[in-house]
Amino acid sequence: METWAVIAKNLPEHARNRIHTDDGAREAGYPAALVAGVTVYAYLTHVAATTWGLDWVRGGVADVAFRAPVLAGDLVVCHPTEVDTALEVAATVDGDTRATARFALADGASPAVADGEQLAPLHVTLTEEWEGYGRRAGDDLELYDEAGVVHPAVWPALANSVVHQQLARGSWIHTRSRVRHHHAAPVGAQATVEAAVIRRFGTRAGERALLDVRITAADRLVAVLEHEAIVSLAR
C-alpha cells in the first residue's frame with residue numbers, strides 16, 4: 001500500500017501501432033508517442049501484486065480505464081487507496097490522473113461466453129516479447145521472475161494483438177479492460193487467445209469495439225477479459 005513511481009517508456013514491439021511512435025502520434029493530434037495502455041496497466045498492477053502476491057496473479061480481478069495519454073518519459077506515480085476489500089490505484093502525471101484501476105481477489109466465476117462476431121484464434125508461445133514483460137516496461141517487482149510466470153499485463157497485451165491484427169484500421173487506442181485471472185501461466189507455455197466482438201459503436205474519438213477474450217495456457221484457462229479499444233480514430 002505504498003505509492004510507487006516509474007518513468008514511462010514504450011517497448012520496441014509497440015511501434016507496430018503507429019500511435020506509439022512520435023510520427024504516428026502527431027498524425028493523430030498528440031504531441032509525442034503515447035505509452036501503451038498495457039504498459040500503464042503493468043505499472044498499476046505493481047501495487048496489487050505487492051499487496052497480494054501470487055494469490056492475485058492466480059485468482060484476482062482488475063478493472064482498468066485509461067483516461068488521458070501517458071507519454072514516453074513521463075514520471076508516472078501510482079497512488080493506492082484501500083476501499084473495503086479492494087484496492088483502487090490512480091496513475092498520475094504531474095498530479096493529473098491518466099488511468100485508474102480497481103483490484104481485488106477473486107469475486108466469483110467468470111461470465112458465460114458472450115455471443116458475437118468470432119475472430120480467428122491467436123496461438124503464441126509465452127517467450128520473447130511476452131517473457132519479462134513487466135520488467136522490460138519498468139515494473140521492478142521480482143515476483144514473476146522468481147515464480148517463473150508471465151506478468152499479468154500479458155493478458156490485455158495478447159487481447160491487443162487480436163485487435164491489432166484483426167480489427168484496427170490504422171493507429172488505434174486501447175481504452176479499458178476488465179480482467180479475471182484463473183491461473184498463472186509459466187513462461188514458455190503455449191497459449192491460445194479466443195475472442196469475439198460483442199459490440200461495435202461510434203464515439204467522437206472514433207469507432208470502438210468491445211471484445212470478449214478468453215486465454216488458455218498450458219491447457220487451462222488463465223484469464224478472461226472484457227476488452228475495449230478505439231479501432232479507427234476519428235479524423
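Let us begin with V57, which lies in helix α3 (residues 54-59); helices (H or I, at least four residues) and strands (E, at least two) are DSSP runs, numbered from the N terminus. V57 counts as buried because its relative accessibility is 3%; buried means under 20% relative accessible area, exposed over 50%, and partly exposed in between (1.4 Å probe, protein chains only). Leaving out residues up to four places away in sequence, V57 touches L143, Y144, H181, H183 and A184, where contact means heavy atoms within 4.5 Å. V57 and Y144 are 87 residues apart along the chain, and their C-alpha atoms are separated by 9.3 Å.

A word on the model: it is predicted, with local features needing pLDDT of at least 70 and side-chain atom pairs counting only at pLDDT 80 or more, while totals for chains, interfaces and linings use all residues. Residues are numbered from 1 along each chain as its sequence is written, and side-chain values use heavy atoms, with hydrogens and water left out.

**The nonpolar cores**

A nonpolar core is a set of buried Ala, Val, Leu, Ile, Met, Phe, Trp, Tyr and Cys residues joined through side-chain atoms within 4.5 Å. Which members of the largest core touch the most other members? Of its 71 residues, they are L44, F103, L126, W155 and L211. Helix α2 gives the most to this core, with 10 residues. Apart from it lies another core, of 7 residues, including A25, L34, I173 and I230.

**Aromatic rings**

The structure holds 3 aromatic pairs. Rings of Phe, Tyr and Trp (its six-membered ring) pair if their centres lie within 6.5 Å; planes under 30 degrees apart count as stacked, over 60 as edge-to-face and the rest as tilted. W4 and Y43 form a tilted pair, 6.2 Å centre to centre with 55 degrees between the planes. This pair links distant parts of the chain, with W4 in strand β1 (residues 4-7) and Y43 in helix α2 (residues 37-52), 39 residues apart. Both W4 and Y43 are buried. Y41, W56 and F103 form one aromatic cluster.

On a 1 Å grid over the protein atoms alone, a cavity is a set of points where a 1.4 Å probe fits but cannot get out, and a pocket is an open set with protein on both sides within 12 Å along at least five of seven lines; lining residues have an atom within 4 Å of a point. Grid points are joined across faces, edges and corners, and a volume is the space filled by probe spheres set on the points.

The largest pocket has a volume of about 770 Å³. Of the 40 residues that line this pocket, N17, H20, W172, I173 and H174 are the closest to its centre. Helix α6 gives the most to the lining of the largest pocket, with 5 residues.

The largest cavity has a volume of about 60 Å³. Among the residues that line this cavity are G132, Y133, D139 and Y144. Helix α4 gives the most to the cavity lining, with 3 residues.

Most residues other than glycine have a negative phi.

E128 counts as exposed because its relative accessibility is 70%. D219 is also exposed, with a relative accessible area of 83%.
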